Amino acid sequence: MVVIKKRSNVIPVDFGEFQLNFPVSDSNIKCMEEVGEDLEAKSLAIQNTDNKAAIDAAKAFVEDAFKQIFGDEEAFKQVYAFVGESTNNAMFYLIEAINGIRAEFEAQNSKAALDKYLAE
């Protein structure tokens with residue numbers, strides 16, 4: 001009998017006080033890359049702004065980005081509370097999370113990881 005162990009398809013993102021889980025799938029990876037590129041471009045536009053409309057628009061975008069990436073309505077609320085209700089800081093944490101997820105995904109799916117898996 002061949003027993004297949006299911007591999008985890010989640011990359012955890014640890015904030016110390018709580019953890020968000022990124023569900024790894026082809027569509028989620030593609031979505032995360034698109035959101036990340038858009039987020040980095042928009043982050044430059046809202047840095048150091050005190051225009052209420054720009055801040056509100058940024059908050060809505062960052063909230064939607066968290067929902068798209070983590071598939072969870074509560075993800076943004078947790079991070080927003082964690083950073084003292086600062087949209088800029090929440091956005092920077094999201095960019096950091098995206099970069100970390102990207103690095104972890106690449107490490108898990110590298111040739112070295114595949115060679116190790118095949119050797120087992």
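The protein chain exposes about 8,000 Å², with carbon and sulfur atoms supplying 51% of it; accessible areas come from the Shrake-Rupley method with a 1.4 Å probe, and for residues only the protein chains shown count as cover. This is a predicted model, where local features need pLDDT of at least 70, side-chain atom pairs count only at pLDDT 80 or more, and totals for chains, interfaces and linings use all residues. Residues are numbered from 1 along each chain as its sequence is written, and side-chain values use heavy atoms, leaving out hydrogens and water.

Student: Why is the pair of Phe66 and Phe76 called tilted?

Tutor: Their ring centres are 5.9 Å apart and the planes stand at 55 degrees, so the pair is tilted. This pair links distant parts of the chain, as Phe66 sits in helix H2 (residues 52-70) and Phe76 in helix H3 (residues 73-82), 10 residues apart. Helices (H or I, at least four residues) and strands (E, at least two) are DSSP runs, numbered from the N terminus.

Student: How do you know whether Phe66 and Phe76 are buried or exposed?

Tutor: Buried means under 20% relative accessible area, exposed over 50%, partly exposed in between (1.4 Å probe, protein chains only). Phe66 has 0%, so Phe66 is buried. Phe76 has 2%, so Phe76 is buried.

Student: And what about Phe15 and Phe18, buried or exposed?

Tutor: Phe15 comes out at 11%, so buried; Phe18, at 14%, is buried. Ring pairs link Phe15 and Phe18 with Phe82 and Tyr93 into a cluster.

Student: Which residues of H3 are buried, and what do they pack against?

Tutor: The buried residues are Ala75, Phe76, Val79 and Tyr80. They cover an arc of only 120 degrees around the axis, so they lie on the same side of H3; the arc is that of the directions from the helix axis to the C-beta atoms. The buried residues of H3 pack against strand E2 (19-23), H2 and helix H4 (87-108), where contact means heavy atoms within 4.5 Å.

Definitions and conventions: Rings of Phe, Tyr and Trp (its six-membered ring) pair if their centres lie within 6.5 Å; planes under 30 degrees apart count as stacked, over 60 as edge-to-face and the rest as tilted.
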